[in-house]
Amino acid sequence: SMRKKTEKGIPDENLLGGLLLFNLALKIMLMPVNVAEYTDGILQLTLFGVPNKLYPPFFTMTALMLKPILGNAEAAGRLVSAVASAFLVLPIYMTARALYEKRSAFFAALVYSVSPMALRWALHAMTDSLFAFLCFIAAICLWRALNETSEKYLIWGIVLSVVATLTRYQGILLIPPYLYVLWRLNLKEKTPTRRAAIAGVLWLLPAVWIVFFGFRHPEQFAERAGATVWQTFLNILLLAESFLAYSPYFLTLPVCFFLLAGLFYMDYGDERKARLLWLFVYLTAALLILQSAFSSFQERYLLPLLPFVALFAGWGIEAIRQRLGERKRIFKILLFVLIVNGLGFGLTCVFIQRESFADLKDAANFMKSLPADAVIYSNETYKDLGPVKMRYWSQRDILPMDDLKDIPAGSVVSITSAYGGMSSFMQIKRLMHEIYRAEILAQFDSSLVPLLPDIMQEPISHQNPLALTFRYSRQRFQTIVYQIPR
């Protein structure tokens, strides 16, 4: 078994290499499983073609660099996610190795390797996995700068923080730790940090991007706020509580158990460990407040916290192993449950949720076969950007369906149940038949079980803690393509 060999001492490189290969193989092999992508992913991939003021450019740049190799932007974006997600085991292992011995480092990397959350977002063309990777390395560089009073690590911390912020704007949460480390090195340690202070100018890069390409998030926060300050506060509280309440489900119960054990058996006298815990607590609080104010309930927002959870849980596993002493069977059972539960849940999510927006993508592919002069309308919508995914997948100009009353004769109309919910879908269907006498050209169906937050049949539960109440209910979606007679 792994344990006996570790005692004799498998070299670090072999343990780490094995874990990295496992992650790469698993995540790259599963890349083709998802049928379609989410709106965020498509907006990110088309950022330079259709500026949308929502995302910084780094993920898009990396995906577009790989696009020639893979032939299409979606596959390239997925490869970026898969590789970033797999390579995150390296800093997790190395950080744990700096704090503990080899076995804890292996366990920490193992916890991450079997995480359902990490697996789910390794397989989508979205910024989340790349951001989690960059954010963690940046945070660890800042932590090491403080431990080793090293200006070199501080500069690396700044550079990586800025790149992380150019991937997802949440990266700005790394500014307070950077300022704290800069202040500590200057004040207490009397280390010259001139270069690190100058490197701080790099923070102007995200600012320049925002100035030139726009920034829509303030209006998103505003439109999602309550009618009063008190109502807004309660909304934030509800979401923050839900994130906390459901985190054992997102992380899996065995991981939570080992995380608590790790925190309980932690040696708080070791300054490095205490600082790492403070960094974790700060990022958790900051992300919770930020994402709750943004009022969108999705577990992917917690992804940057996962490496920290893995570090402490890895130590928890080792602490329990030591305390079980000769009762090795109990320990093996616990480890077995952790691995089988994590991978089992993760793979189940991936396969049972692979059809998100598949009906929409199938309909868009069908559009390619329509005559070039066909005028096409769709009820897919995203803010004022119209049918983002339909346009991308069909490679045609598709018009938003603003008003049902004046769709010209001879048009093609694609309606999907994923927007506006079932009752609105049934109404439009009735309208198509009764008023327009439209004929059905094609009909596409998809379904999923939203074990981890996903699109929902009823919009009220979409991106809302309610979604988890229905997590075992199959969500069915339909897209119908109509031809309105001339």
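I started at Arg391, which is partly exposed because its relative accessible area is 28%. This is a predicted model, so I keep that in mind for every entry here. What does the side chain of Arg391 meet? I found a salt bridge with Asp397, at 3.8 Å from N to O. The cut-off for a salt bridge is 4 Å, so the pair counts. Asp397 has 57% relative accessibility, so I filed it as exposed.

Next I checked for salt bridges that share partners, and Asp40, Asp128, Arg168 and Arg300 came up joined into one network.

Then I ran the search over the whole structure: how many salt bridges does it find? I got 18. I picked out the one between the side chains of Glu74 and Lys361, with N to O at 3.3 Å. Glu74 sits in helix H5 (residues 73-87) and Lys361 in helix H20 (residues 358-367), so this pair ties together parts 287 residues apart in sequence. Buried or exposed, I asked of Glu74 and Lys361? Both are buried.

Another pair I looked up was Arg321 with Glu318, whose closest N and O atoms are 2.9 Å apart in a salt bridge. Both residues belong to helix H18 (residues 306-324), and because they are three residues apart there, about one helical turn separates them. I noted Glu318 as buried, and Arg321 as buried too.

A reminder to myself on all these pairs: opposite charges on side chains can pair when the charged atoms come close.

Helix packing next. I took helix H9 (residues 128-147) and helix H11 (residues 175-187): their axes come within 10 Å and cross at roughly 15°. Angles under 35 degrees count as roughly parallel, so H9 is roughly parallel to H11. For the handedness, I wrote down that H9 passes H11 in a left-handed crossing.

On to the surface. Which residues form a nonpolar patch there? I listed Ile198, Val201, Leu204, Val208, Val211, Phe212 and Phe213, which together have about 740 Å² of accessible area. Where does the largest share come from? Helix H13 (residues 204-213) supplies it, with five residues of the patch. I also placed Ile198, which lies in helix H12 (residues 194-199). Ile198 reaches 55% relative accessibility, so it counts as exposed.

I traced Phe357 to the loop between helix H19 (328-352) and H20. H20 is the helix that also holds Lys361 from the buried pair above. Phe357 has a relative accessible area of 6%, so it is buried.

Gln463 is another residue other than glycine with a positive phi, near 55°. Where is Gln463 found? I located it in the loop between strand E4 (439-448) and strand E5 (475-483). Gln463 is partly exposed, because its relative accessibility is 28%.

Key:
Residues are numbered from 1 along each chain as its sequence is written. This is a predicted model: local features need pLDDT of at least 70, side-chain atom pairs count only at pLDDT 80 or more; totals for chains, interfaces and linings use all residues. Side-chain values use heavy atoms; hydrogens and water are left out. Patches are made of residues with over 30% relative accessible area and no salt bridge: like charges are joined within 9 Å, nonpolar side chains (Val, Leu, Ile, Met, Phe, Trp, Tyr) within 5 Å. Accessible areas come from the Shrake-Rupley method with a 1.4 Å probe; for residues, only the protein chains shown count as cover. Helices (H or I, at least four residues) and strands (E, at least two) are DSSP runs, numbered from the N terminus. Buried means under 20% relative accessible area, exposed over 50%, partly exposed in between (1.4 Å probe, protein chains only). Axes are lines fitted to C-alpha atoms, for helices over the stretch in contact, and angles run from 0 to 180 degrees between N-to-C directions. Angles under 35 degrees count as roughly parallel, over 145 as roughly antiparallel, 65 to 115 as roughly perpendicular and the rest as oblique. A crossing is left-handed if the near helix is turned anticlockwise from the far one by less than a right angle, and right-handed if clockwise.
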